[in-house]
Amino acid sequence: MSSWFSKNTYPKYWLDYLENFKNPLPKTIRENRFVVIDTETTGFHLDLDRILSIGAVIIEDLEIKVSEGMEVYVKQDKFNPETVEIHGLLRNEKVKTITEEESLKLFLDFIGNSIIVAHHAQFDIGMINSALNRRGLPNLKNKLIDTVDMYRATQIKSNLIYKRKTYKLDDIAYDYGIDLSDRHTAAGDAFITALIFLRTVNKLMAKPKFNLKKLLKL
């Protein structure tokens, strides 16, 4: 989608976000700040569907900062009764909702230039980029890691079945024995993904000479 903003008229929250990228990222995995995200949406079409909620979890020094997470619920002008019935998010009158733009402001401020981690990351990032593009803003600038690619890297590489398999979040959580009771909320799925990231990155870091550069290329 074409932008109605020129570079000089981007809103302050986007310019503040860009400021974070003037400094290079730390060189090691342990030194970096990772933000593990998940979105709940009205469907799977990047242009037609909308974000219902965003959940995010911070990992610093390879530990989850449980008290510093983020979860927002987005007011809807796009309504899919079947999907909302599944998520059960917007029917809860106790849930505070904010506008899509307010959620983007909070999200951009929360992630800064951190490395984003997600499960089947292209979908979550695609939904967020579509929301940014609707406001005339460019795509996210952050480095991106997909836990599916990480998990595949721990499997037997000579076996084509493992290369091609699309691992669901439940598949990997089951393999690692991770509790799924918080599944199907953005914050709950982000937390499960964060646990998967930590388990998997520790396996990968046990390999000789595995480093941040290799992690980002998976």
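A salt bridge is a side-chain nitrogen of Lys or Arg within 4 Å of a carboxyl oxygen of Asp or Glu. By this rule, seven salt bridges are counted. The model is predicted.

Lysine 22 and glutamate 19 meet through their side chains, at 2.9 Å from N to O. Lysine 22 is exposed, with a relative accessibility of 61%. Glutamate 19 is partly exposed, at 44%.

A salt bridge also joins the side chains of arginine 30 and aspartate 61, with an N to O distance of 3.1 Å. Arginine 30 belongs to the loop between helix 1 (12–19) and strand 1. Aspartate 61 belongs to the loop between strand 2 and strand 3 (63–64). These parts are 31 residues apart in sequence, so the pair ties them together. Both partners count as partly exposed: arginine 30 has a relative accessibility of 44%, and aspartate 61 has 41%.

The side chains of glutamate 100 and arginine 134 form another salt bridge, at 2.6 Å from N to O. Glutamate 100 lies in helix 3 (residues 100–111) and arginine 134 in helix 4. The pair links distant parts of the chain, 34 residues apart. Buried means under 20% relative accessible area. Glutamate 100 has 18%, so it counts as buried. Arginine 134 is buried too, with a relative accessible area of 18%.

Aromatic contacts come next. A pair of aromatic rings is described by the distance of the centres and the angle of the planes. Rings of Phe, Tyr and Trp pair if their centres lie within 6.5 Å. The count comes to six aromatic pairs. One of them joins tyrosine 17 and phenylalanine 21. Their centres are 5.1 Å apart, with 75° between the planes. Planes over 60 degrees apart count as edge-to-face, so this pair is edge-to-face. Tyrosine 17 is buried, at 1% relative accessibility. Phenylalanine 21 is partly exposed, with a relative accessible area of 29%. Together with Trp14, Tyr17 and Phe21 form one aromatic cluster.

Phenylalanine 44 and phenylalanine 123 form a tilted pair. The ring centres are 5.7 Å apart and the planes stand at 50°. Phenylalanine 44 lies in the loop between strand 1 (33–41) and strand 2, while phenylalanine 123 lies in helix 4 (residues 121–134). The pair therefore ties together parts that are 79 residues apart in sequence. Phenylalanine 44 is exposed, with a relative accessible area of 73%. Phenylalanine 123 counts as partly exposed, at 23% relative accessibility.

A charge also meets a ring. The charged end of arginine 33 sits over the ring of phenylalanine 110. The distance to the ring centre is 5.6 Å.

Strand 4 (residues 70–74) pairs with two other strands. Strand 2 (residues 51–60) runs antiparallel to strand 4, and four bridges join the two. Here, isoleucine 54 stands opposite valine 72 of strand 4. Strand 5 (residues 97–98) runs parallel to strand 4, and two bridges join them. Valine 74 has isoleucine 98 in strand 5 as its bridge partner. Four of the five residues of strand 4 are buried. Strand 4 is therefore largely enclosed by the rest of the structure.

Definitions and conventions. Residues numbered from 1 in each chain as written. Predicted model: local features only at pLDDT ≥ 70, side-chain atom pairs only at ≥ 80, totals over all residues. Heavy atoms only, no water. Buried < 20%, exposed > 50% of the residue type's maximum accessible area, 1.4 Å probe, protein only. Pairing = 2+ DSSP bridges. Phe/Tyr/Trp six-rings, centres within 6.5 Å; stacked < 30°, edge-to-face > 60°. Lys NZ or Arg CZ within 6 Å of the ring centre and 35° of its normal.
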